[in-house]
Amino acid sequence: MELLKRETLPGLRTGITVRTKLVSIAQVAHRDKEAKFCSLAYLMNKNTLKESFNRLNSSASPGIDKETKESYKKNLDENLNNLVIKLKKGSFRPQPVKRLYITKVGSNKMRPLGIPILEDKIVQGALVIILQSIYEEDFLPISFGFRPEKSCHDALKNLSDNIMTKKVNYVVDADISGFFDHVNHEWMMKFLKLRISDSKILALIKRFLKAGTMEKGNFKGTTEGVPQGGSLSPLLANIYLHYTLDLWFTKVVTKHCKGECYITRYADDSAPRKRSKQLVRVA
């Protein structure tokens, strides 16, 4: 652990760029699966926040503050400097997300969508930039949703390859009902603490989880779930499912089932496949 501290604590005043530090963090995460990262908050600096800002979609709908990327850009340096100060002081507080409902494809049901304010989008994006350097080294090859360079086409190819080339008799199409709305906050934080011991980063994530929603002018607190719409939610969902589904299937199910079994997961949609003496069709 002492080696880990020496590798992650030096600040950017040494001339080391954020990107170089993230590569170093990824290398530590890759070779030590039990390492806990104790100093990450200093990477939430102006450069990281600016990169997050640049990644934002200019045509995205604004949150409850009605701030757009173009309006924020007019005083970008000053805005980012003030945001850095709030993050350093620990005074940054995420605002409630604007709750909308969109049509769910292939269903009569409506899917809830949360739209954060612009500064919350920037901070979430910066958190994703930092945390991905750790968790991309942990996620299994069977996970495809909302990951860099892993698309739904890659998931379909993985599914097809397993069905066509391996001993598979039946496929189960599984979709976790209301997953994003019912993620357990307590377990979410427990999973994060397996890799992260930086109290500032953990507190910031917890604040996003508890920010609440604003729907038709009415505020509603959140005791569970991660709001769909922000860039942080897909990463948190993947972390949660990594520990609850991916590792369980690969370390428990595959060892105790009779025959061979495989799984492909795209976000909260998964397709377990198994070999059996009898062909079974699952509706």
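## Close-up views of a predicted model

**View A. His182 is in contact with Ser177, Glu224 and Gly225, leaving aside its neighbours within four places in sequence.** Contact here means heavy atoms within 4.5 Å. The model is predicted, so to speak of a local feature takes a pLDDT of at least 70 and to count a side-chain atom pair takes pLDDT 80 or more, while totals for chains, interfaces and linings use all residues. Residues are numbered from 1 along each chain as its sequence is written, and side-chain values use heavy atoms, with hydrogens and water left out. To find His182, look in the loop between β4 (174–175) and α8. Helices (H or I, at least four residues) and strands (E, at least two) are DSSP runs, numbered from the N terminus. Val226 is 44 residues from His182 in sequence, yet their C-alpha atoms are 7.6 Å apart in space.

**View B. Helices α6 (residues 118–135) and α10 (residues 232–256) have axes that come within 9 Å and cross at roughly 30°.** That crossing makes α6 roughly parallel to α10. Axes are lines fitted to C-alpha atoms, for helices over the stretch in contact, and angles run from 0 to 180 degrees between N-to-C directions. Angles under 35 degrees count as roughly parallel, over 145 as roughly antiparallel, 65 to 115 as roughly perpendicular, and the rest as oblique. The crossing of α6 and α10 is left-handed: the near helix is turned anticlockwise from the far one by less than a right angle, whereas clockwise would be right-handed. Which residues meet here? From α6 come Gln124, Leu127, Val128, Leu131, Gln132 and Tyr135, and from α10 come Leu232, Ser233, Leu235, Ile239 and Tyr243. By class, this contact of α6 with α10 has 8 nonpolar, 3 polar and no charged residues. Ala, Val, Leu, Ile, Met, Phe, Trp, Tyr, Cys and Pro count as nonpolar, Asp, Glu, Lys and Arg as charged, and the others, Gly among them, as polar.

**View C. Ile239, Leu40 and Leu192 have the most contacts inside the largest nonpolar core.** This core has 63 residues. A nonpolar core is a set of buried Ala, Val, Leu, Ile, Met, Phe, Trp, Tyr and Cys residues joined through side-chain atoms within 4.5 Å. The elements giving two or more residues to this core are α2 (18–31), α3 (46–55), α5 (76–89), α6, α8 (185–193), α9 (199–209), α10 and β7 (261–266). Setting aside neighbours within four places in sequence, Ile239 is in contact with Tyr135, Phe139, Met188, Phe191 and Leu192.

**View D. The axes of α5 and α6 come within 12 Å and cross at roughly 65°.** That makes α5 roughly perpendicular to α6, and their crossing is right-handed. On the α5 side, take a look at Asn79, Leu80, Leu83, Lys86 and Leu87, which meet Glu119, Ile122 and Val123 in α6. These contact residues divide into 5 nonpolar, 1 polar and 2 charged.

**View E. Helix α3 packs against α5 at an angle of about 125°, with their axes 10 Å apart.** That makes α3 oblique to α5, in a right-handed crossing. Lys46, Leu49, Lys50 and Phe53 of α3 make the contact with Leu76, Asp77, Leu80, Asn81, Leu83, Val84 and Leu87 of α5. Sorted by class, there are 7 nonpolar, 1 polar and 3 charged residues.

**View F. Gly212 sits in the loop between α9 and β5 (213–215).** Gly212 counts as buried, at 5% relative accessibility. Not counting residues up to four places away in sequence, Gly212 touches Pro96, Val97, Phe219, Lys220, Gly221 and Thr222.

**View G. Lys66 has a positive phi of about 65° although it is not a glycine.** Lys66 belongs to the loop between α3 and α4 and is exposed, with a relative accessible area of 68%. Phe146, in the loop between α6 and α7 (152–165), also has a positive phi, near 55°, and is a residue other than glycine. The relative accessible area of Phe146 is 45%, which makes Phe146 partly exposed.

Definitions and conventions. Buried < 20%, exposed > 50% of the residue type's maximum accessible area, 1.4 Å probe, protein only.
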